[in-house]
Amino acid sequence: MRLYHGSTVTVKNPSLRFGRANTDFGKGFYTTTDYEQAARWARIRRQRAGSGVAIVTVFEIDDSLLQSKDIKIMEYNGATESWLNFVVNNRRSAPLHDFDIVLGPVANDNLYATISMYENGQLSVEAAIVQLKTHTLFNQVSFHTAKALSQIHYVESVRVNENSPN
């Protein structure tokens, strides 16, 4: 499986050290199966930095990894109640899970208002799920342990068109 990571630097050796806490699936190394999504994220990172370059690093993992009994994996298929609660819990505090890899939708800026309204009790879980399903949900594959990261193999880095919009 091919995976992409958007940043302002080439990442040949992914590390958990640089991951941010309080993200969708907890501190980890985040990738996606969608090149364009990674390119958008790289451009956003470049814009936030105010300079630099936008880079998509390409990785591969063996497809059999996702069926391995040696790796603990959680997969969320779409915006579900369990996914929503998992995201809210990870964003509130330190990761509450022991998964090596987590796959599922990205709770990006377009979904933030709905998730915040649910988190603040302004929306029921059912209403939040209905609203979330009206959005295009992009995917993410996050790696949370050194064991999981050891399975990622660097392929190449691609400089993203600097004139492209976010």
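The mean pLDDT of the protein chain is 88, and 95% of its residues reach 70 or more; pLDDT is the predictor's confidence in each residue, on a scale from 0 to 100. The model is a predicted one, in which local features need pLDDT of at least 70 and side-chain atom pairs count only at pLDDT 80 or more, while totals for chains, interfaces and linings use all residues. Residues are numbered from 1 along each chain as its sequence is written, and side-chain values use heavy atoms, with hydrogens and water left out. Helices (H or I, at least four residues) and strands (E, at least two) are DSSP runs, numbered from the N terminus. Where pLDDT is low, the predicted coordinates should not be read in detail.

The largest pocket has a volume of about 1,200 Å³. Of the 37 residues lining this pocket, Arg20, Tyr30, Trp41, Arg45 and Gln140 are the closest to its centre. Two or more lining residues come from each of strand 1 (2–7), strand 2 (29–31), helix 1 (35–49) and helix 3 (109–119), and helix 1 gives the most, with 7 residues. A pocket here is an open set of points on a 1 Å grid over the protein atoms alone, where a 1.4 Å probe fits and protein lies on both sides within 12 Å along at least five of seven lines; lining residues have an atom within 4 Å of a point. Grid points are joined across faces, edges and corners, and the volume is the space filled by probe spheres set on them. By class, the lining has 14 nonpolar, 16 polar and 7 charged residues. Ala, Val, Leu, Ile, Met, Phe, Trp, Tyr, Cys and Pro count as nonpolar, Asp, Glu, Lys and Arg as charged, and the others, Gly among them, as polar.

Ser142 belongs to strand 6 (residues 139–143) and counts as buried because its relative accessibility is 0%. Buried means under 20% relative accessible area, exposed over 50%, and partly exposed in between (1.4 Å probe, protein chains only). The side chain of Ser142 makes a polar contact with that of His144 at 2.6 Å. Such a contact is a pair of N or O atoms within 3.5 Å; within protein, one must be able to donate a hydrogen and the other to accept it, and residues adjacent in sequence count only if both atoms are side-chain atoms.

His144 is also in contact with His97, where contact means heavy atoms within 4.5 Å. His97 sits in the loop between helix 2 (81–92) and strand 5 (101–105) and, at 16% relative accessibility, is buried. A polar atom of the His97 side chain lies 2.7 Å from the backbone oxygen of Phe25, and this side chain also reaches the backbone nitrogen of Phe99 at 3.1 Å.

Phe25 is likewise touched by Ser142 and by Leu103. Leu103, in strand 5, is buried because its relative accessible area is 9%. Among its other contacts beyond four places in sequence are Leu66, Tyr76 and Gln140.

Val155, in strand 7 (residues 153–159), is partly exposed because its relative accessible area is 33%. Val155 and Phe59 are 96 residues apart in sequence, yet 5.2 Å apart from C-alpha to C-alpha. Val155 also touches Arg2, Val58 and Glu60.
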